[in-house]
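Q: I would like to go through this model with you, topic by topic. Shall we start with the aromatic residues?

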Amino acid sequence: MGTLLSSHHSKPYSAAHQIHLPNQHVVQLLLLFLPRTAGVQKLIMPPEKARLVDIMSLLLLRRRVTSCNTLVDSGDQDRVLDNTPGDLLVALTQLIQKALAAAYYPAKWFGAVVEFLLNFVAVNGGLFGIIGSIMRCNLVIPLDRDAPNFRTVMALVDGRTELKPSPPAAASDMWQLWAKNGECTQGGTFEVTVMAAKIAYENAAYIENVVANVWGFNFVGYYSCWNKFLEVSATQAFVMTDRGKDAGMVMVAFRGTQVFSTQDWSTDVNLSWLRLGGMGHVHAGFLKALGLQEEDGEDAARAFPRDAPAVVPAGKVVAYYELRRVLRELLAEHPRARVVVTGHSLGGALAVLFPAVLALHGEGDILGRLGAVHTYGQPRVGDEAFVDFFQAKVAAAYWRVVYRYDVVPRVPFDAPPVAGFSHGGTCVYYDGWYDGWVLGGEEVPNPNYVDPRHTPSMYRGAMGDLLKAMFLWVKARGEYREGAVSLLYRAAIGMLVPGVASHSPRDYVNAVRLGRIRTAAG
């Protein structure tokens with residue numbers, strides 16, 4: 001693990017920004033808010049059923065959240081939420097989800113066209129290459145999205161695949177790579193996890209080629225997993241080991257939120273949750289992506305049973321159960337191996353939830369060999385009870401990396417008493433020229449993203465990122481030169497919604513490689 005540098009620089013969000021209340025006021029607040037959800041075991045907000053008139057009534061008339069069954073299902077038990085008025089963040093979430101639902105097919109087809117055109121240019125060697133290919137009658141039409149040379153917009157924005165070895169005096173303070181003969185030590189975990197989280201967006205052939213031929217590691221498998229509620233294989237992950245025999249590391253990398261999938265973005269912002277036994281309140285959408293079987297907030301064994309479901313469509317697998325099976329086999333085959341789990345965006349949420357459910361099911365053989373959980377741009381997964389459960393039951397180091405005003409770590413909104421989502425782990429927050437702070441349990445600036453006081457700073461940051469992207473290669477060498485697609489992405493998306501451009505894996509890779517980390521003590 002790299003050395004953390006003490007600094008007299010001020011933190012971006014220090015304890016001075018927190019509100020300190022007398023003890024009696026804290027008690028009064030707890031009595032005011034906590035009982036409201038004490039008897040509720042689930043809160044499901046199906047966006048497809050929500051009507052605009054009901055959403056506006058929450059916002060303008062302050063109606064009770066449970067007063068309309070098109071907005072929320074809190075179960076048949078005590079309706080302790082009945083006295084809870086509508087909230088700005090609840091109404092805003094529903095409006096966002098309605099807009100995302102309306103944009104599903106336009107975004108899907110627009111994304112398909114954009115990726116086709118960009119791949120068409122790339123595989124034919126650019127615009128001049130296209131002309132030459134036409135003249136030679138060997139023009140390539142990239143129709144096969146499963147081909148090893150087909151790339152999603154994530155890889156088109158940042159095409160780097162090589163792992164970056166760093167000398168002891170390297171500029172980056174993040175845990176650096178030491179690769180030799182296909183081995184990866186603990187010192188190189190962050191370099192490998194951020195790159196694994198980045199390539200997890202690609203197809204199986206692309207990932208296998210990078211893992212086996214570029215990194216020299218052992219590719220175990222790619223898993224496209226069934227979501228019972230969406231009735232589609234919507235969760236993807238891959239597994240690799242650092243060596244084929246006597247491996248020291250087994251890595252699981254989950255795919256994150258796809259840029260053009262409004263369904264993924266809707267999952268990220270959804271406020272729905274279930275109570276899953278001792279785990280507390282957990283985001284329902286992430287549970288479904290991992291392998292939830294029933295929306296049952298009273299019986300955790302029925303909602304997420306320990307044994308794999310008997311009824312699954314032919315040829316389909318469920319993420320949690322399939323990856324658990326693979327890990328059991330690999331850990332038996334490699335007795336000295338440690339497990340590392342990673343993911344970017346939605347993948348980061350699954351990287352946290354996966355070991356939490358292992359703990360719920362008492363999978364001590366796997367958890368005992370879990371070495372680290374690293375997430376990048378991860379959304380909130382559960383409430384404070386979930387954070388406490390994870391900390392108590394999962395002994396592995398949990399590091400959560402956030403870049404600037406990335407919108408995803410700021411959703412789903414922390415909107416108590418309806419939905420009190422919290423972050424856990426140790427947060428490394430990067431700002432500016434990849435200057436980092438270890439925030440510990442603190443939230444990042446503008447924690448719910450919609451505070452208008454941060455708007456000028458967010459747009460200045462987006463402009464700064466664009467300028468930095470143009471000239472970073474001058475200071476940090478040519479590998480950091482950004483192409484036209486990346487710069488266009490920053491200019492078009494970043495100046496429209498700054499938090500989306502800040503979510504790009506490129507900045508997380510740059511932060512790991514170039515970032516300077518300062519402790520919060522300064």
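Q: Which residues form one aromatic cluster?
A: Phe254, Phe304, Tyr320, Tyr321 and Phe354 form one aromatic cluster. Rings of Phe, Tyr and Trp (its six-membered ring) pair if their centres lie within 6.5 Å; planes under 30 degrees apart count as stacked, over 60 as edge-to-face and the rest as tilted. Please note that this is a predicted model, in which local features need pLDDT of at least 70 and side-chain atom pairs count only at pLDDT 80 or more, while totals for chains, interfaces and linings use all residues. Residues are numbered from 1 along each chain as its sequence is written, and side-chain values use heavy atoms, with hydrogens and water left out.

Q: What is the mean pLDDT of the chain?
A: The mean is 84, and 82% of the residues reach 70 or more; pLDDT is the predictor's confidence in each residue, from 0 to 100. Over residues 76-80 the pLDDT is below 50, and this stretch has 15 contacts in the model beyond near neighbours in sequence. The pLDDT is also below 50 over residues 167-187, a stretch with 63 such contacts. A contact means heavy atoms within 4.5 Å. Where pLDDT is low, the predicted coordinates should not be read in detail.

Q: How many helices and strands are there?
A: The chain has 20 helices and 14 strands. Helices (H or I, at least four residues) and strands (E, at least two) are DSSP runs, numbered from the N terminus.

Q: And what share of the residues is buried?
A: Of the 522 residues in the chain, 56% are buried. Buried means under 20% relative accessible area, exposed over 50%, and partly exposed in between (1.4 Å probe, protein chains only). As for contacts with a separation of 6 or more, 71% of them come from residues 24 or more positions apart.

Q: Back to the rings: how many aromatic pairs does the structure hold?
A: There are 15 aromatic pairs in the structure. In one of them, the ring centres of Phe110 and Phe260 are 5.9 Å apart and the planes stand at 75°, so the pair is edge-to-face. This pair links distant parts of the chain, with Phe110 in helix α5 (residues 104-123) and Phe260 in the loop between β6 (249-254) and α10 (262-269), 150 residues apart.

Q: Is Phe110 buried or exposed?
A: Phe110 counts as exposed because its relative accessibility is 53%.

Q: What about Tyr320 and Tyr321?
A: Tyr320 and Tyr321 form an edge-to-face pair, with 5.1 Å from centre to centre and 80° between the planes. Both Tyr320 and Tyr321 are buried.

Q: Which charged end sits over the ring of Tyr434?
A: That of Lys468, which is 3.9 Å from the ring centre. Arg481 lies over the face of Trp473, at 3.6 Å from the ring centre. A charge sits over a ring if NZ of Lys or CZ of Arg is within 6 Å of the ring centre and within 35 degrees of the ring normal.

Q: Switching to salt bridges, what is the count?
A: The count comes to 23 salt bridges, a salt bridge being a side-chain nitrogen of Lys or Arg within 4 Å of a carboxyl oxygen of Asp or Glu. Among them is Asp158 with Arg506, whose closest N and O atoms are 3.6 Å apart. Asp158 lies in the loop between α7 (153-157) and β2 (179-180) and Arg506 in helix α20, so the pair ties together parts that are 348 residues apart in sequence. Asp158 and Arg506 are both buried.

Q: Which residues are linked with them in a network of salt bridges?
A: The network links Asp158, Arg160, Glu482, Arg490, Arg506 and Asp507.

Q: With which residue does Glu191 form a salt bridge?
A: Glu191 bridges to Arg513, with the closest N and O atoms 2.7 Å apart. Glu191 is in helix α8 (residues 189-199) and Arg513 in helix α20, 322 residues apart. Glu191 counts as buried at 3% relative accessibility, and Arg513 counts as buried at 9%.

Q: Last one: where does Ser504 lie, and what does it touch?
A: Ser504 lies in the loop between α19 (498-501) and α20 (505-514). Ser504 touches Val157, His344 and Tyr489, leaving aside residues up to four places away in sequence. With a relative accessibility of 5%, Ser504 counts as buried.
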